[in-house]
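Thanks for making the time this morning.

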Amino acid sequence: MMRKKSVSASKASLVLFLCQMISALEVPLDSKLLEELSQPPTITQQSPKDYIVDPRENIVIQCEAKGKPPPSFSWTRNGTHFDIDKDAQVTMKPNSGTLVINIMNGGKAEAYEGVYQCTARNERGAAISNNIVIRPSRSPLWTKEKLEPNQVREGDSLVLHCRPPVGLPPPIIFWMDNAFQRLPQSERVSQGLNGDLYFSNVQPEDTREDYICYARFNHTQTIQQKQPISVKVFSTKPVTERQPVLLTPTGSTSTKVELRGNVLLLECIAAGLPTPVIRWIKEGGELPANRTFFENFKKTLKIIDVSEADSGNYKCIARNILGSAHHVISVTVKAAPYWITAPRNLVLSPGEDGTLICRANGNPKPNISWLANGVPIAIAPEDPSRKVDGDTIIFSHVQERSSAVYQCNASNEYGYLLANAFVNVLAEPPRILTSANKLYQVISDSPALLDCAYFGSPKPEIEWFKGVKGSILRGNEYIFHDNGTLEIPVAQKDSTGTYTCVARNELGKIQNEVQLEVKDPTMIIKQPEYKVVQRYGQVSFECIIKHDSTLLPTVIWLKDNDELPDDERFLVGKDNLTIMNVTDRDDGTYTCIVNTTLDSVSASAVLTVVAAPPTPAIIYARPNPPFDLELTGQLERSVELSWIPGDENNSPITNFVIEYEDGLHEPGVWHYQTEVPGTQTTVQLKLSPYVNYSFRVIAVNEIGRSQPSEPSEQYLTKSASPDENPSNVQGIGSEPDNLVITWESLKGFQSNGPGLQYKVSWRQKDVDDEWTSVIVANVSKYIVSGTPTFVPYEIKVQALNDLGYAPEPSEVIGHSGEDLPMVAPGNVQVHVVNSTLAKVHWDPVPLKTVRGHLQGYKVYYWKVQSLSRRSRRHVEKKILTFRGNKTFGMLPGLEPYSSYKLNVRVVNGKGEGPASPDKVFKTPEGVPSSPSFLKITNPTLDSLTLEWGSPTHPNGVLTSYILKFQPINNTHELGPLVEIRIPANESSLILKNLNYSTRYKFYFNAQTSVGSGSQITEEAVTIMDEAMASRQVDIATQGWFIGLMCAVALLILILLIVCFIRRNKGGKYPVKEKEDAHADPEIQPMKEDDGTFGEYSDAEDHKPLKKGSRTPSDRTVKKEDSDDSLVDYGEGVNGQFNEDGSFIGQYSGKKEKEPAEGNESSEAPSPVNAMNSFV
């Protein structure tokens, strides 16, 4: 008995489409069937019902539809035909119903307000869109109003009204201050849903004059600002506390109507002192648990996705320590129409029956009405096969003329739903949509699902056969699904084979073959085992697997269900995991996971790390080589190799490496064969035909590898036909008229026998042509000549030898040679973004003219001349490449105020196509570079001469130069900044009325109409008074000065010698004895870093001089301080004697400002310092 059942969700991916009704078929809209089957129109894309547009941009009203033949489109506006040909501002996109209303070139959005509806029509019917209401967005200005200051007593409530202008859509309201900072909100101060700002009670800190309400209109990206509101809070003592009173809503009850599916927002804001706390309850019920949210400090109750069950009375309670107030909001949830069962497309064959069902619900219950091809069904042409019964249309014994598109309209006072569903009457022989010879692979003992996706009208019957001439499949071991799928619940190895699906109806029969391969399951035959290892030791987990020979397994190791640590101590082998130098962190569970494309298995083991006992020093070495190699169980494709391990030399053998030598093809060359764990001494080796094998074994421990063992005896395997075909087969033409087929040749042992050759076959793709073949030997390339330029070819290369052919090779797609592209890109347009950046657009070239693989487009561009200098220069072309089928690109790094040319070329693998006509574009002005130089010459007492060079890159027409300068004192502090604008045609300037002996810093830059360029800076000094300079310079040459210096130096030397002698004799100055007697703390020896002699210091006479201590604060040398004033010699205040008697003023250069000590005044700049630093 045959069983039938629906395909479960887990198997839905195997089904191309599902038969929904016994008497009707559903055709997927995007199926390849549409290329052959007639089908009424179906609306695939349309604009929203309520379409608010930006009045500054073009209006695009979408209407896209599909059908066979392709539908034509028409529009109505406000219920009457909209003739777009009579309105120059309106166009319809090609092969589309989408309207584009040109607003940016003179149209007014307000003129196109209205209700639009699109109709898509072909010979099988007409589909209509929703009514699309077009409204331009509005962001009106705030009405002018005179706002009186708000004077409020501390503790009273206050409401600041926003009253934003009515916009479309409504604006978003927020409050800010003059500094554009959002006003802080709290339980006491918050914004209501209407935008007003509520104060439950005012505090003195609320006094301010810049409460500003802003309205943001997102659709037009504009923000409107209300005039600032002033609030002044005056205090009265004491502040009276008050119980809560609701500011909004007013009264004790109110009502609220919300639509099903919307967000319900209820608000309560209360006045009172202390600030009341808000609580919400639902009378006679609970607030919905997962849909209820509290916002605005619990003043707003938010319930999302409301339904009729959310209707009821909601109470908000405002409470403080003095009492409470409450308000009840009666909520009624209404519903716009929503679908219970929307009508679905029907595909019927002549004589069949069917139904269209349109069921909707709403509150109030919606009215259902039907239309046929956009016309009310009551006045539509009669169809004897059609009967309307409320929300259902019943079709009986339909004919091809019954094809039409029906519209169901469900409407109530809150909205409407409109659905299109077509009835398509077709008479079609069966088609099987599953690919021919599709291969299915499953693991033994698991279900196998074989597809037979089909279509036909009437609905075909499906039968399955095993083998080309097998009998029909029946019985409990098979399950036949309604969509044509054959299920084998428990596939076995003998289920492998060819299965044939046959689809037949009264108009014909068709069959399709699919292949089923049942694979052996993957197994872990040796699982990792529990291990205990000492710290700093080594441990290995084995994971030896057995799998189907045609499946490629991948082995992944995990630690504690996560990736292995990124540590070189973890070594993953072919069938083991080794951990070197184990630490405590390596403790855990290790899992081996084996994956193939069809199944996955895993096994785990725990590693425990223990402390290592102290051990005597052991000498470790590489292991000795294995010996006594023996071959047993010789078969055509396998042999067993065994050996005896050599000495481990105190380091356990971790693995053995087996190598082989092919004495027939590569004598003397050893190749890696496999490796096994160190506990294994036998291995089953897979062999290839026609190879003279000998083997050797290498032992490995953590010290290193042993010497190879002695080779085993030789074993020559029998010849056979090749097992595999050449890899990396490619077809790439080197010339426009050839196809070069290349491949990687098989290696010697892969030939499986003598006489290795290759059968090279090719044929042009998508052309009903036979294969052309040639047999070649000792080559890996074949050239096919006389091919068309750049056409696809199917290519295959098969290996053969004296014993036969390799398995049938897979086909690859190659292309004959490319040629240069034929045409240049058209419609090249340049949009200059700014003075250094431009965007270039072009139309793509037709792919047929590329004559090769489209690699992209190259843009050649070069500067023709600078518009500011009108001088040409050597043309340096720049190239930008844009990969793929890109049709625009950015040109960076342009020079401002210059004329450029560019062209665009398409590129394929052969090279570049012809260039498009040169396109000329100009960059606008930019800011100039800095002036090329700034020199300051001819310093006088009160003037400096400035000379400069024009900018190297003016980047436009210079309008002026800007000179800024300011004085700098000796502490590097800057004085007031002076700015002078200089005409652009000047190149020098004399600055007058400057201070003498003063350093100035200059900032100089050029300007264009765009702005100022980068600046150049310089410093210069005006000269000092000439008489003073003369005295300053001559003082060092005066004889009296030289003599004075010598006398002072001699006196200091004598004093030092006397002190040294007295110290050695143990004597002290009388003043020292006086110090010791009085023990005056101010005359204690100073620290070493104070720079004084601790033994001989005196509080008055020998105290070190501090900076500025020789001159009073008025910077003059007083007469009583010195009869021989330094002022007479031109040294000023910086002419000082150091403690060693040397004069430091004459030789001092420019110094940095030193930190002041005590309350001493800073020093004035020295004329000598100024001269030394003159530039």
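This is a predicted model: local features need pLDDT of at least 70, side-chain atom pairs count only at pLDDT 80 or more; totals for chains, interfaces and linings use all residues.

**Aromatic pairs, disulfides and a sheet**

When the whole structure is searched, 21 aromatic pairs turn up.

Because Trp643 belongs to strand 58 (residues 638-644) and Phe656 to strand 59 (residues 653-662), the pair ties together parts of the chain that are 13 residues apart in sequence. Are these two residues buried or exposed? Trp643 has a relative accessible area of 4%, and is therefore buried, while Phe656, with a relative accessible area of 0%, is buried too.

Elsewhere, Phe174, Phe180 and Tyr214 come together as one aromatic cluster. Rings also meet charges in this model: the charged end of Lys531 sits over the ring of Phe541, at 5.4 Å from its centre, and the charged end of Lys886 is placed over the ring of Phe888, at 5.1 Å from its centre.

Now to the cysteines. In general, a disulfide is a covalent bond between the sulfur atoms of two cysteines. How many disulfides does the structure hold? There are six, and if you count the bonded cysteines along the chain, they follow the pattern 1-2, 3-4, 5-6, 7-8, 9-10, 11-12. I will take three of them in turn.

Please look at Cys268 and Cys316, whose sulfur atoms are 1.8 Å apart and form a disulfide. The torsion about the S-S bond of Cys268 and Cys316 is about -70°, and so this disulfide is left-handed. Cys268 is found in the loop between strand 22 (264-267) and strand 23 (269-273), whereas Cys316 is in strand 27 (residues 312-320), so the pair ties together parts that are 48 residues apart in sequence. Cys268 is buried, with a relative accessible area of 0%, and Cys316 is likewise buried, with a value of 1%.

The link of Cys358 and Cys408 is left-handed, with -65° about the S-S bond. Here Cys358 lies in the loop between strand 30 (354-357) and strand 31 (359-363), and Cys408 lies in strand 36 (residues 404-412), so that parts 50 residues apart in sequence are tied together by the pair. Both Cys358 and Cys408 are buried.

What is the handedness of the disulfide of Cys543 and Cys592? Since the torsion about the S-S bond is about -70°, the disulfide is left-handed. Cys543 is in the loop between strand 49 (539-542) and strand 50 (544-546), with Cys592 in strand 55 (residues 588-595), so the pair ties together parts that are 49 residues apart in sequence. Cys543 and Cys592 are both buried.

An open sheet of three strands has the order 80-81-84, and its pairing is antiparallel. At its edges stand strand 80 (931-937) and strand 84 (988-991), each with a single partner strand, and so one side of each is left without a neighbour in the sheet. Neighbouring strands of this sheet are turned against each other by 20° on average, direction ignored. Strand 81 (residues 944-951) pairs with strand 84 over four bridges, in the antiparallel sense, and the bridge partner of Glu947 in strand 84 is Ser988.

I will finish with a single glycine. Gly484 sits in the loop between strand 43 (479-480) and strand 44 (486-488). Its relative accessibility is 3%, and since the cut-off for buried is under 20%, Gly484 counts as buried. Which residues is Gly484 in contact with, leaving aside its neighbours within four places in sequence? The contacts are with Leu450, Cys452, Tyr454, Ile462 and Trp464. Gly484 and Asp451, which are 33 residues apart in sequence, are 6.6 Å apart in space, taken from C-alpha to C-alpha.

Key:
Residues are numbered from 1 along each chain as its sequence is written. Side-chain values use heavy atoms; hydrogens and water are left out. Rings of Phe, Tyr and Trp (its six-membered ring) pair if their centres lie within 6.5 Å; planes under 30 degrees apart count as stacked, over 60 as edge-to-face and the rest as tilted. Helices (H or I, at least four residues) and strands (E, at least two) are DSSP runs, numbered from the N terminus. Buried means under 20% relative accessible area, exposed over 50%, partly exposed in between (1.4 Å probe, protein chains only). A charge sits over a ring if NZ of Lys or CZ of Arg is within 6 Å of the ring centre and within 35 degrees of the ring normal. A disulfide is a pair of cysteine sulfur atoms within 2.5 Å. Two strands pair if DSSP finds at least two bridges between them. Axes are lines fitted to C-alpha atoms, for helices over the stretch in contact, and angles run from 0 to 180 degrees between N-to-C directions. Contact means heavy atoms within 4.5 Å.
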